[in-house]
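Biologist: I've got a model open and I'd like to learn how to read it. Can you walk me through it, one feature at a time?

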Amino acid sequence: MVAGAFPLFKLMTLGVKQVSKPIANAIKSGAKQSPFFRKYVCVLPGQGFHWLETTVKMKLLGHVGPSHIKPLNEQVAVELTAEMLGEGFIFGVGVATLLFEYRRSAKKEEQKEAAQNSKILALQSQVSDLGIAMEVQAAEIRELNRTLQGLRGSELDEKHKDKRKK
């Protein structure tokens, strides 16, 4: 990998995060302006979040909590849900960017490991080939030693024969 590509990737990641903010704002404003979205999507989650938040705060403060939590008006519930949608979108983009980076680095590590494994296999093959070549040479040396011993034995026999003839 080229050294200059790393900062370029980081710059692209920052750009994606910066682009996600205006998109999140567009989602917020779209959620606030659409009557269908306001009525069926935004009010119920906003009220549920308000109930959960109030209950948890009361429990953390050590209070038993009110038996009935006053619901938010529609405008505040829509604002709350729209804000949650925008923040959720930004969070989703951040998570997607992290997952992409993780997969990219994992793939890079896999490629590096595959290259190391192929080098190890090549070295093992070379060691095996050298072992076979060494065994062949050892067999040839033994054969040459036998031949040499045979030649020495025949020379000695000829010398003894020559001495006996004289």
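Modeller: Let's begin with contacts: two residues are in contact when they have heavy atoms within 4.5 Å of each other. Keep in mind throughout that this is a predicted model.

Biologist: OK, of the contacts with a separation of 6 or more, what share comes from residues 24 or more positions apart?

Modeller: Here that share is 80%.

Biologist: How do I know which parts to trust?

Modeller: Check pLDDT, the predictor's confidence in each residue on a scale from 0 to 100. Where that value is low, the predicted coordinates should not be read in detail. In this chain the mean pLDDT is 83, and 88% of the residues reach 70 or more.

Biologist: Which element has the lowest mean pLDDT, and which the highest?

Modeller: Helix H1, residues 5-33, has the lowest at 76, while H3 has the highest at 88.

Biologist: Next, burial. How much of the chain is buried?

Modeller: Of the 166 residues, 13% are buried. As for surface, the chain exposes about 13,500 Å², and 65% of that comes from carbon and sulfur atoms.

Biologist: So where would I find the largest nonpolar core, and which residues make it up?

Modeller: Look for 5 residues: Ala31, Cys42, Val43, Val78 and Ala82. H2 and H3 are the elements that each give two or more residues to this core.

Biologist: Let me click on Cys42. Is Cys42 buried or exposed?

Modeller: Cys42 has a relative accessible area of 0%, so it counts as buried. Cys42 sits in helix H2. If you skip residues up to four places away in sequence, Cys42 touches Ala31, Phe37, Ala77, Val78 and Thr81.

Biologist: How many residues separate Cys42 and Val78 in sequence, and what is the C-alpha to C-alpha distance?

Modeller: They are 36 residues apart in sequence, yet their C-alpha atoms are 5.0 Å apart in space.

Biologist: Now charges. What's the general idea behind a salt bridge?

Modeller: Side chains of opposite charge can pair when their charged atoms come close. This model has 4 salt bridges.

Biologist: Which residue pairs with Lys57?

Modeller: Glu53 does, with 3.4 Å from N to O. Both Glu53 and Lys57 lie in helix H2, residues 35-60, and they are 4 residues apart, about one turn of the helix. Glu53 is partly exposed at 32% relative accessibility, and Lys57 is partly exposed too, at 47%.

Biologist: Why does Arg146 count as exposed, and Glu143 as partly exposed?

Modeller: Arg146 counts as exposed because its relative accessibility is 53%, and the cut-off for exposed is over 50%. Glu143 is at 43%, so it counts as partly exposed.

Biologist: Last one: which residues make the nonpolar surface patch of about 440 Å²?

Modeller: Trp51, Leu52, Val56 and Leu60 make that patch. Leu52 is in helix H2, and at 45% relative accessibility Leu52 counts as partly exposed.

Notes
Residues are numbered from 1 along each chain as its sequence is written. Side-chain values use heavy atoms; hydrogens and water are left out. A salt bridge is a side-chain nitrogen of Lys or Arg within 4 Å of a carboxyl oxygen of Asp or Glu. Buried means under 20% relative accessible area, exposed over 50%, partly exposed in between (1.4 Å probe, protein chains only). Patches are made of residues with over 30% relative accessible area and no salt bridge: like charges are joined within 9 Å, nonpolar side chains (Val, Leu, Ile, Met, Phe, Trp, Tyr) within 5 Å. Accessible areas come from the Shrake-Rupley method with a 1.4 Å probe; for residues, only the protein chains shown count as cover. A nonpolar core is a set of buried Ala, Val, Leu, Ile, Met, Phe, Trp, Tyr and Cys residues joined through side-chain atoms within 4.5 Å.
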